[in-house]
Amino acid sequence: MKLDVIKLDGAKAGSIELDEALFGLEPRADILHRVVRWQRAKAQAGTHSVLGKSDVSYSTKKIYRQKGTGGARHGSKKAPIFRHGGVYKGPTPRSHAHDLTKKFRALGLRHALSAKAKAGNIVVIEAADMAEAKTAMLAKAAKELGWKKVLVIDGAAVNENFALAARNIEGIDVLPSMGANVYDILKRDTLVLTKAGVEALEARLK
């Protein structure tokens with residue numbers, strides 16, 4: 001798959017051949033779904049917690065005598081049946097993470113890249129470098145290029161000035177190649193790769 005390479009000012013800077021093994025697959029929704037679920041479950045805090053019968057602060061005194069009242073037999077006022085009583089089998093803090101093999105995660109990333117390529121939503125730029133960390137300059141360039149909701153994936157390291165300039169622009173996110181993941185790629189409308197980013201991804205996923 002051949003794509004044009006552009007500069008940040010929109011000028012052409014040649015072309016690049018993208019690896020079919022990464023960008024030419026037929027995207028499978030089931031694979032993407034499993035990887036996104038794995039990512040979101042791993043990111044879930046799992047701090048949900050409620051007070052059970054043994055946790056609530058209440059008197060443990062028997063509320064009334066066992067027999068002769070005509071009412072049901074009760075002991076503690078902490079029982080779930082009462083107001084302010086403990087919650088029965090409520091959620092407790094836990095990890096929601098589950099396992100997914102490395103090979104499957106890599107496959108998911110290939111399918112995410114292929115999905116963007118098939119939709120025509122991949123842009124390759126020569127480099128994400130800026131001489132100064134000027135947000136206004138990058139915002140103007142993004143507007144002229146028609147970038148609204150983009151993820152920029154650079155090589156092993158992100159240019160510091162570019163990252164600082166992009167930090168305050170809504171809709172532009174920047175990641176190094178090792179940070180590339182299925183959820184972030186699918187979440188954005190356009191995937192912007194630098195030439196170094198393409199090389200790093202091809203080396204990582206081969």
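Trainee: Leaving aside neighbours within four places in sequence, which residues is serine 59 in contact with?

Mentor: Serine 59 is in contact with Ser76 and Lys77. Keep in mind that this is a predicted model.

Trainee: Where is serine 59 found?

Mentor: In the loop between helix 2 (29-43) and helix 3 (102-118).

Trainee: And why do we call serine 59 partly exposed?

Mentor: Because its relative accessible area is 42%, and partly exposed covers the range between under 20% (buried) and over 50% (exposed).

Trainee: Which backbone nitrogen lies 3.1 Å from a polar atom of the serine 59 side chain?

Mentor: That of lysine 61.

Trainee: OK, zooming out. What does the domain assignment give?

Mentor: Domain 1 takes 2-45 + 97-205, and domain 2 takes 50-90. Their centres, taken over C-alpha atoms, are separated by 56 Å. For a residue pair, take serine 59 and alanine 142: they are 83 residues apart along the chain, and 64 Å separate their C-alpha atoms.

Trainee: Let's switch to the sheet. What's the strand order?

Mentor: It's an open sheet of six strands, ordered 2-1-3-6-4-5, and the pairing is mixed.

Trainee: Which strands stand at the edges?

Mentor: Strand 2 (12-17) and strand 5 (172-175). Each has a single partner strand, so one side of each has no neighbour in the sheet. On average, neighbouring strands here are turned by 30 degrees against each other, ignoring direction.

Trainee: Strand 1 and strand 2: parallel or antiparallel?

Mentor: Antiparallel, joined by four bridges. The two form a hairpin with five residues between them, and glycine 10 in the turn has a positive phi of about 95 degrees.

Trainee: What stands opposite isoleucine 6 in strand 2?

Mentor: Lysine 12. In strand 3, isoleucine 6 stands opposite isoleucine 125. Strand 1 and strand 3 pair in the parallel sense, over two bridges.

Trainee: How many bridges are there between strand 4 and strand 5?

Mentor: Four, with the strands pairing in the parallel sense. Isoleucine 153 stands opposite leucine 175 in strand 5.

Trainee: Which way do the side chains on strand 4 point?

Mentor: Val150 and Val152 point one way, Leu151 and Ile153 the other, and all are buried. In a regular strand, side chains alternate between the two faces of the sheet.

Trainee: What about helix 7, which strands does it lie across?

Mentor: Helix 7 (residues 195-205) lies across strand 1, strand 2, strand 3, strand 4 and strand 6, and runs at about 90 degrees to strand 6.

Trainee: Last topic, the packing. Which residues have the most contacts inside the largest nonpolar core?

Mentor: Phe23, Leu113, Ile153, Ile185, Leu191 and Leu193, in a core of 30 residues. Leaving aside neighbours within four places in sequence, isoleucine 185 is in contact with Leu109, Ala112, Leu113, Lys116, Leu151, Ile153 and Leu191.

Methods
Residues numbered from 1 in each chain as written. Predicted model: local features only at pLDDT ≥ 70, side-chain atom pairs only at ≥ 80, totals over all residues. Heavy atoms only, no water. Core = buried A, V, L, I, M, F, W, Y, C linked by side-chain atoms within 4.5 Å. Buried < 20%, exposed > 50% of the residue type's maximum accessible area, 1.4 Å probe, protein only. Contact = heavy atoms within 4.5 Å. Pairing = 2+ DSSP bridges. Axes fitted to C-alpha atoms, helices over the stretch in contact; angles between N-to-C directions. Domains from an automatic or database assignment. Polar contact = N/O pair within 3.5 Å; in protein donor to acceptor, adjacent residues only side chain to side chain.
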